[in-house]
Amino acid sequence: MQVTETLNEGLKRGYAITVTAAELDEKVTAKLKEAQPDIEMKGFRKGKVPLALLKKQFGPRVLGETMQEVIDGAMNEHFETSGDRPALQPEVKMMDGEQWKEGDDVRVEMSYEALPEVPEIDLSTITVEKLVVKADEESVNDALNNLAATAKDFETKEGAAEDGDQVVFDFLGKVDGEAFEGGAAEDYPLVLGSGSFIPGFEEQLVGVSAGDEKTVEVKFPEEYGAENLAGKDATFECKIKEVKAAKAAEIDDELAKKFGSEDLESLKNRIRERLEAEYAGAARQVMKRGLLDQLDGMVSFDLPPTLLDAEAKQIAHQLWHEENPDVHDHNHDTIEPTEEHMKLAERRVRLGLLLAELGQKAEVEVTDAEMTQAIMNQARQYPGQERAFFDFVRQNAQMQQQLRAPIFEDKVIDHIADQAQVTEKEISKDELEKAVEALEEE
């Protein structure tokens, strides 16, 4: 077997791999001899089938398998010897194409773009500012008021129902004058403005009082779940029994117990911890951006054109969808990356390769537990189909990589921050919000 370099320009590589017919025949014969003791064929005892007959019967199939194994072996040996790491799967094609026939040497052309050498970085020279925000009393009290609002009670009131009031009523729904299944209830409590009923229903109950009778006329949505009702006009005969006004729960120990705390002070501490955890998450994003900006300015190296092109196209497609959220069908080939897309792609590819190199050297790994948690978090977006989603991810290597990549990146960022010079700066919630808004604008 012979491997000859045919291209070495920048990160582009090309090699011609030649496997002689004799080498190939030798390997095919060895494979058949290895299998010979276990082969049975009519007219021969097990293990006694002549090699020539085996070659005639199984040779073509074994030849194809052997060619693939030899080529794969030559590629693996090349990468181990050269130290090259391909940016993408190498392109491999037979040089003789359809003209090749059994008995000829096998000549293969392999081409790829190598990953570049990433320069060393002294992480201790990096300076990181860690923003710290404490939960003030106003924020804690706002959160308490929100909790009280969700735990609100309703008290009977005199007069007409307003938006936000609760109406207790009996109703009977009809389509074409006939009552339909599931269209009736007694003593049903409905909060007006909650959007619990089909569009147009709740608005027509605004202004009713206890003892009133009201006929509500609505149209079921075209996409309504029950096909026999979808798009149909309907009437609901309603008898109003009671109108109740909302009353926020008292902010006291009883409210705290409703939310699993021993007393009000314990609930406040839990709220404070939750708020400060949210602030810390936002502050980390600000710190991460600053750290990545520094890294981007510290290194410069050649980038694989194929990776740049793929990343720029992905950015262009993503931005196109954000600008056209209601358009689902389009021709991706017509979306050409701009110079701005290319600059962003260069940054992403450069930082991606740098973080991968730093993570590899630091032996950063994503654990099975971390992957399982990531899959479970994603699965919650598909209520009732969590198990199916979990199984899908387990069988889909590309999906696993999509979930693993951000975990790996965050762990590398943590590793860099551990080596860097970190200073803490306490700021207000408003200042943190402005810093986060600045990130989003960029």
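Residues are numbered from 1 along each chain as its sequence is written, and side-chain values use heavy atoms, with hydrogens and water left out. Because the model is predicted, local features need pLDDT of at least 70 and side-chain atom pairs count only at pLDDT 80 or more, whereas totals for chains, interfaces and linings use all residues.

Secondary structure elements are DSSP runs numbered from the N terminus, helices being H or I with at least four residues and strands being E with at least two. Two strands are taken to pair if DSSP finds at least two bridges between them. On this basis, an open sheet of four strands is found in the order 1-2-4-3, and its pairing is antiparallel. Its edges are formed by strand 1 (2–9) and strand 3 (91–94), each of which pairs on one side only. Averaged over the sheet and with direction ignored, neighbouring strands are turned by 15° against each other. Axes here are lines fitted to C-alpha atoms, for helices over the stretch in contact, and angles run from 0 to 180 degrees between N-to-C directions.

Within this sheet, strand 2 (residues 12–19) is joined to strand 4 by eight bridges in the antiparallel sense.

Strand 7 (residues 166–175) runs antiparallel to strand 10 and is joined to it by nine bridges; Phe 171 has Cys 238 of strand 10 as its bridge partner. Seven bridges link strand 9 (residues 213–219) to strand 10, likewise antiparallel, with Thr 215 standing opposite Glu 237 in strand 10.

Two packed helices are described by the angle between their axes and the distance between the axes. For helix 5 (residues 264–298) and helix 11 (residues 429–441), the angle is about 45° and the axes are 10 Å apart. The two helices are therefore oblique to each other, given that angles under 35 degrees count as roughly parallel, over 145 as roughly antiparallel, 65 to 115 as roughly perpendicular and the rest as oblique. The crossing of helix 5 past helix 11 is left-handed, that is, the near helix is turned anticlockwise from the far one by less than a right angle, clockwise being right-handed. Helix 5 contributes Tyr 279, Ala 282, Ala 283, Gln 285, Val 286 and Arg 289 to the contact, and helix 11 contributes Lys 429, Leu 432, Ala 435, Val 436 and Leu 439, where contact means heavy atoms within 4.5 Å. By class, eight nonpolar, one polar and two charged residues make up this contact. In this scheme Ala, Val, Leu, Ile, Met, Phe, Trp, Tyr, Cys and Pro count as nonpolar, Asp, Glu, Lys and Arg as charged, and the others, Gly among them, as polar.

Two aspartates have positive phi values. Asp 176, which is not a glycine, has a phi of about 55° and is found in the loop between strand 7 and strand 8 (178–191). With a relative accessibility of 69%, Asp 176 counts as exposed; relative accessible area under 20% means buried, over 50% exposed and in between partly exposed (1.4 Å probe, protein chains only). Asp 187 lies in strand 8 and has a positive phi near 50°. Its relative accessible area is 45%, so Asp 187 is partly exposed.

Glu 357, in helix 7 (residues 339–361), is buried at a relative accessible area of 14%. Apart from neighbours within four places in sequence, Glu 357 is in contact with Arg 85 and Val 118. Gln 400, in helix 10 (residues 397–419), counts as buried at 19% relative accessibility. With neighbours within four places in sequence again left aside, Gln 400 is in contact with Met 371, Val 393, Arg 394 and Gln 395.
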